[in-house]
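Colleague: I would like to learn how to read a structure like this one. Could you walk me through it, starting from a single residue?

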Amino acid sequence: MELIIFLVFSFVIHGALANNGEIVCEDLLVGLCAYSVASSGKRCSLESYESIEGTRGYQCKTSEVLVSNIDITNVIESDECISACGADRNSLGISSDSLLESTFTSKLCSQECNQKCPNIVDLYYNLALGEGVYLPAFCKGRNLNGRREMSQIQSSGVAWGLSAASVGYGRQLSEGPVASAALTFEADAPW
């Protein structure tokens, strides 16, 4: 049975990587879309649509949200990281809303997530920045003060693309005054 599952998964991955080993979001199966990163460095986003018949469907799309670390491209996030970080493969769009959930932030701030899952940490680091929150400090404060620190985040519910970056939202790790501190993010775990 395990061999069959491995072969099916290998076939699915091969299909998604058919363009010279490069990931194209629109070629990914819905179940692999969320938390994947295309070869272009843009994050994949699971989106819903309504068909002509009125039924709801789902598709994988390329977002305008770039990863901040060039080493995080061409990635289909592992099930281990999805579990370790409390992420959900059925998440629609890219949003900071999960940061409002204490169960999620508990896993996101865990040593296991921060040391083994740079893709998910990178995503939520930048989403938190877009909300005006420095994730390492948030996680450290969360461990010290519990739910009180949740009030730091008031989600706008969106992830900003490149056009918003010029006004300070969706900043990349390589920009601004937090850039050097952000590079030590993993080393600081657990907070």
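Modeller: Setting aside neighbours within four places in sequence, A38 is in contact (heavy atoms within 4.5 Å) with I23, C25, C44, T73 and N74. Before we go on, this is a predicted model, in which local features need pLDDT of at least 70, side-chain atom pairs count only at pLDDT 80 or more, and totals for chains, interfaces and linings use all residues. Residues are numbered from 1 along each chain as its sequence is written, and side-chain values use heavy atoms, with hydrogens and water left out.

Colleague: Where does A38 lie?

Modeller: A38 sits in the loop between α2 and β1. Helices (H or I, at least four residues) and strands (E, at least two) are DSSP runs, numbered from the N terminus. One of the contacts of A38, I23, is 15 residues away in sequence, yet the two C-alpha atoms are 4.8 Å apart in space.

Colleague: Is A38 buried or exposed?

Modeller: Buried means under 20% relative accessible area, exposed means over 50%, and partly exposed is in between (1.4 Å probe, protein chains only). A38 has a relative accessible area of 3%, so A38 is buried.

Colleague: Two of those contacts are cysteines, C25 and C44. What joins C25 to C44?

Modeller: A disulfide, which here means a pair of cysteine sulfur atoms within 2.5 Å. C25 and C44 are joined in this way, S to S 2.0 Å. The pair links distant parts of the chain, 19 residues apart: C25 is in the loop between α1 (2–16) and α2 (30–33), and C44 is in strand β1 (residues 42–50). Both C25 and C44 are buried.

Colleague: Why is the disulfide of C25 and C44 called left-handed?

Modeller: Look at the torsion about the S-S bond: for C25 and C44 the torsion is about -80°, so this disulfide is left-handed.

Colleague: How many disulfides does a search of the whole structure find?

Modeller: The search finds 5 disulfides. Counting bonded cysteines along the chain, their pattern is 1-3, 2-4, 5-9, 6-8, 7-10. Among them is the link of C81 and C117, with sulfur atoms 2.2 Å apart. The torsion of this link is -90°, which is left-handed. C81 belongs to helix α3 (residues 79–84), while C117 is in the loop between α5 (111–116) and α6 (118–130), 36 residues apart.

Colleague: And what is the handedness of the link of C85 and C113?

Modeller: That link is right-handed, with 100° about the S-S bond. C85 counts as buried at 0% relative accessibility, and C113 is buried with a relative accessible area of 0%.

Colleague: How is a pair of aromatic rings described?

Modeller: By the distance of the centres and the angle of the planes. Rings of Phe, Tyr and Trp (its six-membered ring) pair if their centres lie within 6.5 Å; planes under 30 degrees apart count as stacked, over 60 as edge-to-face and the rest as tilted. This structure holds 3 aromatic pairs. In one of them, Y125 and Y134 have ring centres 5.9 Å apart and planes at 80°, so the pair is edge-to-face.

Colleague: Are Y125 and Y134 buried or partly exposed?

Modeller: Y125 is buried, at 2% relative accessible area, whereas Y134 is partly exposed, at 24%. Elsewhere, Y35, F104 and Y124 form one aromatic cluster.
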